[in-house]
Amino acid sequence: MKKLDPGFDIVPHFDPLGFEYGKNCFGPKVEHRSLNSIRPSLRDPKCHGPEIVYAIAMDVGKNEHRELLQKRHLLYGAVIYAAGNLGDEPIRSQGHIHRRSTFAQGWSTPEIYEIWSGKAVIYMQETANDNPGRCYAVHAMAGEVVIVPPGWAHATISADPNEALSFGAWCDRDYGFEYDQVREHQGLAWYPILKSGKLDWQYNARYKRQKLIEKIPEKYADFGLIQNTPIYSQFENCPKTFDFVSRPDKVKGLWNLFLP
């Protein structure tokens, strides 16, 4: 299993799900998401699966960066998924939209994902209205980065039921998740389905049907990201690179024709 060094001393544990922090790092007690808590966004809310679906540690990093992260209104989160499946769906997060942030001048904020281990699909759609707009399934391997733009509904999917998934993400410090519209549609516009261990897709008829585009991640050079370098290390080397996470209005021209 290919793994990425996150750029700071954090070690994922898969049994039980959680993280170990090095002596020069900080991090909270993990939050667990149970199967019961995510049932409203699943294709089959009565499905069977792991009791604990994933664990989240929001606000982790090096001790020396605590003040800088607060000043720049940034937060790094770490997530680890269980192996297995949720009925005929893969392990995945709930679909949600990032709420609007006062610090971001009223914008919904973006998120920068980096896969550490496993195989991921970052699914995203432009809205959670009846017409979801453009729909993308971005396939990412360990070391690859995916940006979710402001206001888009999205979920993170483990593409291999036999391999646990772990990843990190840059978020706005005033993060918050809105679930209502997604739950009203019982999920996002496309459901990931496992068929003979392979990922397939089924349209959610509660939305107006739109084409699903499957692709690999863009390089995001316009955002100043560097390939093959952990996004935490990139922050350490040049903190201002990630100012667009907490202030997406500063690069509003890049969102107009954004391609994930």
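This is a predicted model: local features need pLDDT of at least 70, side-chain atom pairs count only at pLDDT 80 or more; totals for chains, interfaces and linings use all residues.
## The largest cavity

A search of the whole structure finds three cavities of 30 Å³ or more. Nineteen is the number of residues lining the largest cavity, written here as 19, and those that lie nearest its centre are Ile56, Val79, His96, Glu111 and Phe177. Two or more lining residues are given by each of strand S5 (52–58), S7, strand S11 (111–117) and S16.

Strand S7 supplies the largest share of this lining, with four residues. By class, the lining of the largest cavity is made up of 12 nonpolar, five polar and two charged residues.

## The second largest cavity

The second largest cavity holds about 60 Å³ of space. Its lining consists of Ser41, Arg92, Tyr123, Ala155, Ile157, Gly187, Leu188, Trp190, Tyr191, Pro192 and Trp201. The elements that contribute two or more residues to the lining of the second largest cavity are strand S15 (153–158) and strand S18 (190–195), and S18 gives the most, with three residues. When the lining of the second largest cavity is divided by class, eight residues are nonpolar, two are polar and one is charged.

## Aromatic pairs around tyrosine 76

Across the whole structure, a search finds 25 aromatic pairs. In one of them, the rings of phenylalanine 8 and tyrosine 76 have centres 5.5 Å apart and planes at 90°, so this pair is edge-to-face. Phenylalanine 8 belongs to the segment before strand S1 (10–14), whereas tyrosine 76 belongs to strand S7 (residues 74–81), so the pair ties together parts that are 68 residues apart in sequence. Phenylalanine 8 counts as buried because its relative accessibility is 6%, and tyrosine 76, at 0% relative accessibility, also counts as buried; the cut-off for a buried residue is a relative accessible area under 20%.

Tyrosine 76 takes part in another pair, with tryptophan 170: the ring centres are 4.8 Å apart and the planes stand at 85°, so this pair is edge-to-face. Because tyrosine 76 lies in strand S7 and tryptophan 170 in strand S16 (residues 166–172), the pair ties together parts that are 94 residues apart in sequence. Tryptophan 170 has a relative accessibility of 0% and therefore counts as buried. Strands S7 and S16 are also among the elements that give two or more residues to the lining of the largest cavity.

Elsewhere among the aromatic residues, arginine 66 lies over the face of phenylalanine 26, at a distance of 4.1 Å from the ring centre.

## The two largest pockets

The largest pocket contains about 250 Å³ of space. Its lining comprises 19 residues, and Gly143, Glu144, Val145, Gln227 and Asn228 are those that lie nearest the centre of the pocket. The classes represented in the lining of the largest pocket are nine nonpolar, five polar and five charged residues.

For the second largest pocket, the volume is about 150 Å³. Glu218, Tyr220, Ala221, Asp222, Phe223, Leu254, Leu257, Phe258 and Leu259 form the lining of this pocket, which by class has seven nonpolar residues, two charged residues and no polar ones.

## Asparagine 228

Asparagine 228, which is one of the residues nearest the centre of the largest pocket, is found in the loop between strand S20 (212–215) and helix H4 (231–237). Asparagine 228 has a relative accessible area of 77% and is therefore exposed, the cut-off for an exposed residue being over 50%. The C-alpha atom of asparagine 228 is separated by 33 Å from that of alanine 128, a residue 100 positions away along the chain.

## The annotated domain

An unreviewed UniProt entry places the feature "domain: Glucose-6-phosphate isomerase prokaryote" at residues 50–206.

Definitions and conventions
Residues are numbered from 1 along each chain as its sequence is written. Side-chain values use heavy atoms; hydrogens and water are left out. UniProt positions are given in the numbering used here, feature names are shortened, and annotations may be inferred rather than shown by experiment. On a 1 Å grid over the protein atoms alone, a cavity is a set of points where a 1.4 Å probe fits but cannot get out, and a pocket is an open set with protein on both sides within 12 Å along at least five of seven lines; lining residues have an atom within 4 Å of a point. Grid points are joined across faces, edges and corners, and a volume is the space filled by probe spheres set on the points. Ala, Val, Leu, Ile, Met, Phe, Trp, Tyr, Cys and Pro count as nonpolar, Asp, Glu, Lys and Arg as charged, and the others, Gly among them, as polar. Rings of Phe, Tyr and Trp (its six-membered ring) pair if their centres lie within 6.5 Å; planes under 30 degrees apart count as stacked, over 60 as edge-to-face and the rest as tilted. Buried means under 20% relative accessible area, exposed over 50%, partly exposed in between (1.4 Å probe, protein chains only). A charge sits over a ring if NZ of Lys or CZ of Arg is within 6 Å of the ring centre and within 35 degrees of the ring normal.
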